Amino acid sequence: MAPAPHAEEPDGLAAFKHAFRRHAAGVVVITALTPEGKPVGFTATSLASLAAVPPLATFNMARTASAWPAIVGTDYVAIQTMGVRTRHLAERMSGDHALRFDGDHWYEGPHGIPILKGVTSWMIGRIVERLNVAGNAVIVVQIEEGALGEPDDALLYHERRYLKPGDEV
């Protein structure tokens, strides 16, 4: 017989939040252009590989996000992996959306898509599917090109903090 639940045990939402705070995830920045050609971007921890052949990746986002109209109105995005040296860019891309592209920390990449300077890698993906789920979306992209940057320690997000990996276990 299972023990009776305690009053302080989390409900579904609380359990979800608690678990994902303790699930370390790599940090990426997704960038795109609005239909008018304005750069947009956001920090994400939801990047996942879907298939190697063809090379498919997914990321998730809220359909209320400031970048959502651009993702709906474009065919291409850039996915950029962040390292410890580019933590400041991950923080910038999760801050005030009006200030994310002020400065010289980016350049125009393929299709005019913003590429952040100093990232450990970047990939250009053609959006092949936008799956609406509740108030969010799963975006599926087919990777068409990319490049490696300088090596760096991985940037992880865990317990609402940016960290780098520690000792090998």
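Which residue in β10 does Gly125 stand opposite? Gly125 stands opposite Ile143. The model discussed here is a predicted one, and this pair belongs to the contact between two of its strands, β9 and β10.

## The chain as a whole

The protein chain contains 12 strands and three helices. Along the principal axes, its C-alpha atoms fill a box of roughly 60 × 40 × 35 Å. Of the 169 residues in the chain, 35% are buried.

Contacts can be sorted by how far apart the two residues lie in sequence. Taking those in the protein chain between residues at least 6 apart, 62% join residues that are at least 24 apart.

## Surface and charge

The protein chain has an accessible surface of about 10,000 Å². Carbon and sulfur atoms account for 56% of that surface.

There are 19 negative and 15 positive side chains in the protein chain. The centres of these two sets lie 4 Å apart.

Strands of a sheet pair through backbone hydrogen bonds, and the pairing may be parallel or antiparallel. In this model, seven strands make an open sheet with antiparallel pairing, in the order β3-β2-β6-β9-β10-β5-β4. Its edge strands are β3 and β4 (48-51), each of which pairs on one side only. From one strand to the next, the twist averages 35°.

## β9 and β10

Strand β9 covers residues 121-133 and runs antiparallel to β10, to which 12 bridges join it. The opening pair, Gly125 and Ile143, is found here.

β9 and β10 also form a hairpin, with two residues between the strands. Ala134 lies in the turn of this hairpin and has a positive phi of about 55°.

## β5 and its two partners

Strand β5 spans residues 56-62, and seven bridges join it to β10, residues 136-148, in an antiparallel arrangement. Among the residue pairs, Phe59 stands opposite Ile139 in β10. Thr58 has Val140 as its bridge partner in β10, while for Ala57 the partner in that strand is Val141.

β5 also pairs with β4, in the antiparallel sense and over three bridges. These two strands form a hairpin with four residues between them.

## Thr58 within β5

Is β5 mostly covered or mostly uncovered? β5 is mostly covered, with five of its seven residues buried. Thr58 is placed in this strand. Thr58 counts as buried because its relative accessibility is 13%, and the cut-off for buried is under 20%.

Which residues does Thr58 touch, apart from its neighbours within four places in sequence? Thr58 is in contact with Ser46, Leu47, Ala48, Leu50, Val138, Ile139 and Val140. One of these, Val140, is the bridge partner of Thr58 in β10.

## The sheet of three strands

A further open sheet has three strands in the order β1-β11-β12, with antiparallel pairing. β1 (25-26) and β12 (161-163) each have a single partner strand, so one side of each is left without a neighbour in the sheet.

Strand β11, residues 156-158, runs antiparallel to β12, and three bridges join the two. Tyr157 stands opposite Tyr162 in β12.

## Pro35 in a loop

Pro35 is found in the loop that lies between β2 (28-33) and β3 (39-44). Why does Pro35 count as exposed? Pro35 counts as exposed because its relative accessibility is 58%, and the cut-off for exposed is over 50%.

Pro35 and Thr74 are 39 residues apart in sequence. In space, the two are 6.6 Å apart, C-alpha to C-alpha.

Methods:
Residues numbered from 1 in each chain as written. Predicted model: local features only at pLDDT ≥ 70, side-chain atom pairs only at ≥ 80, totals over all residues. Heavy atoms only, no water. Buried < 20%, exposed > 50% of the residue type's maximum accessible area, 1.4 Å probe, protein only. Contact = heavy atoms within 4.5 Å. Areas by Shrake-Rupley, 256 points an atom, 1.4 Å probe, with all protein chains shown as cover. Lys, Arg positive; Asp, Glu negative; His and termini not counted. Charge placed at Lys NZ, Arg CZ, Asp CG, Glu CD. Pairing = 2+ DSSP bridges. Axes fitted to C-alpha atoms, helices over the stretch in contact; angles between N-to-C directions.
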